Amino acid sequence: MEFVLVLLVLLLSSCCEFTYAECLEISPARLVVKHGDPASANCTSERPQRMGWEATDGGVSLSGTELRFLLWTVNRLTDWSIKPVCYTDGGECQKTLNITVYKLPTKVSMSGLPDQMVEGRQYEFKCHVQEVAPVNSLYVSFYKASTNLIKTEIGSHPPQIMNTTNEPTSGEYTLQFTPSRGDHEAQLWCSARLELGEEGPQPSPKKESEHLTLNVLYKPNISVTPEGSSEIKEGDNLSLRCQAEGNPTPSYQWLVPQAGPTSHTRAEGSVVNVTHIARSQAGNYTCIATNEVGNSTWTVDVKVTASCQATRSVMVTVLLLQLINWL
């Protein structure tokens with residue numbers, strides 16, 4: 001019987017200690033405060049008792065009377081590592097306020113953009129983030145917007161979880177980028193975003209760099225061409241057009257068969273014209289579009305057929321020869 005009573009006392013004692021250890025509650029349980037803004041939290045006790053707040057800023061001495069709640073407040077929070085503690089008389093029961101002090105970057109900028117980029121070559125950009133806190137909540141992302149304003153994330157750096165520094169820090173974040181011709185005149189920038197959890201501001205606060213315009217050089221691509229083969233009658237006029245897209249603007253050269261005695265060939269830029277084409281001018285007509293990056297070619301096989309007049313002349317000649325032989 002005595003053993004049962006002792007066991008009961010021990011159980012009740014442990015229960016009371018557990019309840020007493022949990023006698024304080026802080027509301028809100030977590031605070032996310034912008035550096036320099038006001039902050040407050042309320043400490044509540046299950047039963048009236050003497051209470052106080054220990055903090056580097058806004059601390060409250062142990063109350064002279066028993067209270068059920070006690071407010072901690074500051075008008076301007078500037079301590080990056082502040083951890084206010086609510087406690088009871090004798091320090092037997094205490095609880096720490098979980099608080100995060102944040103600051104958006106002073107400046108976000110990018111470097112590494114050359115005056116000209118060449119399609120297919122790799123370049124390195126750097127995003128400079130100055131004076132941001134806390135760095136273990138910082139996401140750095142790189143974005144690209146094409147000329148039709150479609151935004152795409154093309155690189156990112158997750159938070160430095162192992163860095164527990166509370167005070168503002170600065171850093172550089174890199175992007176390896178290989179442009180294509182579709183990136184010409186696109187916009188490129190980086191963004192520094194603080195992910196501070198549900199208790200933090202929504203949407204997550206961020207700061208962006210200036211938007212850089214890309215100048216991408218790429219070799220010509222012949223996009224408008226004549227058919228792969230063309231047929232024309234002897235004596236008619238031939239006109240072929242070749243159009244290429246490139247940066248810088250391409251120049252054109254034509255390789256054509258030698259002109260006939262009565263015909264004339266003239267090439268002006270992307271167009272070649274042949275007047276009164278001769279049958280000897282049948283063959284390949286090649287367009288070469290060139291700029292400082294490279295060149296592209298396109299060839300048209302031109303077939304020249306005899307005209308009706310020429311056919312009739314040949315037939316008359318054959319008939320005359322046959323008539324002479326008969327006579």
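Visitor: What makes the disulfide of Cys43 and Cys86 left-handed?

Guide: The torsion about the S-S bond of Cys43 and Cys86 is about -85 degrees, so the disulfide is left-handed. The pair connects distant parts of the chain, since Cys43 belongs to strand S3 (residues 39–49) and Cys86 to strand S6, 43 residues apart. Helices and strands here are DSSP runs numbered from the N terminus, helices (H or I) having at least four residues and strands (E) at least two.

Visitor: On what basis are these values given?

Guide: This is a predicted model, in which local features need pLDDT of at least 70 and side-chain atom pairs count only at pLDDT 80 or more, while totals for chains, interfaces and linings use all residues. Residues are numbered from 1 along each chain as its sequence is written, and side-chain values use heavy atoms, with hydrogens and water left out.

Visitor: Why is the link between Cys43 and Cys86 called a disulfide?

Guide: A disulfide is a pair of cysteine sulfur atoms within 2.5 Å; the S to S distance of Cys43 and Cys86 is 1.9 Å, so the pair meets the definition. By this rule the count comes to four disulfides. When bonded cysteines are counted along the chain, the disulfides follow the pattern 1-4, 2-3, 5-6, 7-8.

Visitor: How do you know that Cys23 and Cys93 are joined?

Guide: Their sulfur atoms stand 2.3 Å apart, which is inside the cut-off, and therefore the pair counts as a disulfide. This pair, too, links distant parts of the chain: Cys23 is in the loop between helix H1 (2–21) and strand S1 (24–27), and Cys93 is in the loop between strand S6 (85–88) and strand S7 (94–96), 70 residues apart.

Visitor: Why is Cys242 called buried?

Guide: Buried means under 20% relative accessible area, exposed means over 50%, and partly exposed lies in between, with a 1.4 Å probe and protein chains only. Cys242 has 1% relative accessibility, so it counts as buried, and Cys287 is likewise buried, with a relative accessible area of 1%. Cys242 and Cys287 form a disulfide with sulfur atoms 2.3 Å apart, and with -75 degrees about the S-S bond the link is left-handed. Cys242 lies in the loop between strand S20 (238–241) and strand S21 (243–247) and Cys287 in strand S25 (residues 283–290), so the pair ties together parts that are 45 residues apart in sequence.

Visitor: What makes strand S15 mostly covered?

Guide: In strand S15 (residues 187–194), seven of its eight residues are buried.

Visitor: Where is confidence lowest, and where is it highest?

Guide: By pLDDT, the predictor's confidence in each residue from 0 to 100, H1 is lowest at a mean of 41, and strand S9 (residues 107–111) is highest at 98. Over residues 1–21 pLDDT stays under 50, and the model has seven contacts for them beyond four places in sequence, a contact meaning heavy atoms within 4.5 Å. The chain averages a pLDDT of 87, and 86% of the residues score at least 70.
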